[in-house]
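Here's a quick tour of one model, written for someone who likes cut-offs spelled out. Have a look at the sequence and structure first.

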Amino acid sequence: MKKIFVSIGLINPKNTVNVGSVMRAAGCYQADQVLYSGQRYDRAVKMSTDTKNVSTSIPLINIETLGVDGLADAVDLETKIVCVDLIQGATPLPAFNHPEKALYIFGPEDGTIDQKIVDRADFVVFVPTIGCMNLAASVNVLLYDRLAKSARGHAGDELIRQSKDVNNNVKVRI
């Protein structure tokens with residue numbers, strides 16, 4: 001069984017475009033799973049935009065199928081709970097040190113994270129923008145920040161060769 005280190009938790013997402021983009025980000029940044037609560041996404045899933053079909057390699061799980069009460073109950077006790085939202089008193093993302101094992105919880109597109117979840121969190125962070133960002137954009141920024149602060153953030157040409165498609169043969173000329 002694969003050991004889970006990075007989980008993304010989405011509270012009652014409604015927009016399939018956002019969930020598809022979150023799945024693409026999960027694949028690009030090597031998250032281990034995406035969990036979600038609520039029923040809105042299940043009703044809209046037929047219009048999914050997971051363009052790289054990441055959901056075949058990274059689980060996308062409605063927590064109701066796990067028989068747990070909330071997103072935080074869907075991970076083991078060693079996993080740190082990190083709420084990501086514009087919440088007063090939160091730590092700005094650039095100043096945040098990511099835990100090794102984390103569940104990053106994001107609120108719904110048309111709301112915020114419930115106070116009970118924030119109170120249970122180990123950390124609360126926000127992306128210091130003017131106004132709120134789109135859900136998928138927030139997940140991308142968070143996962144990029146985690147990558148940039150890790151040893152994997154100093155990759156080079158080998159990663160580029162593995163990641164690019166056949167349409168990209170451009171090179172930097174020195």
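## A lysine and its partners

Which side chain meets Lys101 in a salt bridge at 3.6 Å, N to O? That's Glu78. A salt bridge here is a side-chain nitrogen of Lys or Arg within 4 Å of a carboxyl oxygen of Asp or Glu. Lys101 sits in the loop between E5 and E6, and Glu78 in the loop between E3 and E4, 23 residues apart. Helices (H or I, at least four residues) and strands (E, at least two) are DSSP runs, numbered from the N terminus.

Lys101 also forms a salt bridge with Asp76, with the closest N and O atoms 2.6 Å apart, so Asp76, Glu78 and Lys101 end up linked in a network. Lys101 is buried, at 10% relative accessible area, while Asp76 is partly exposed at 36% and Glu78 is exposed at 58%. Buried means under 20% relative accessible area, exposed over 50%, and partly exposed in between (1.4 Å probe, protein chains only).

## Ground rules

This is a predicted model, where local features need pLDDT of at least 70 and side-chain atom pairs count only at pLDDT 80 or more, while totals for chains, interfaces and linings use all residues. Residues are numbered from 1 along each chain as its sequence is written, and side-chain values use heavy atoms, leaving out hydrogens and water.

Two strands pair if DSSP finds at least two bridges between them. E1 runs parallel to E6 (residues 102–106), joined by 5 bridges, and Val6 stands opposite Ala102. With E2 (residues 33–36), E1 pairs in the parallel sense over 4 bridges; there, Leu10 has Tyr36 as its bridge partner. Between E1 and E2 the chain passes through helix H1 (residues 16–28), making a right-handed β-α-β crossover: with the strands pointing away from the viewer, the path from the first strand over the helix to the second runs clockwise.

## The nonpolar core

A nonpolar core is a set of buried Ala, Val, Leu, Ile, Met, Phe, Trp, Tyr and Cys residues joined through side-chain atoms within 4.5 Å. The largest has 29 residues, and Ile8, Leu10, Tyr104, Phe106, Val139 and Leu143 touch the most other members. Helix H4 gives the most to this core, with 6 residues.
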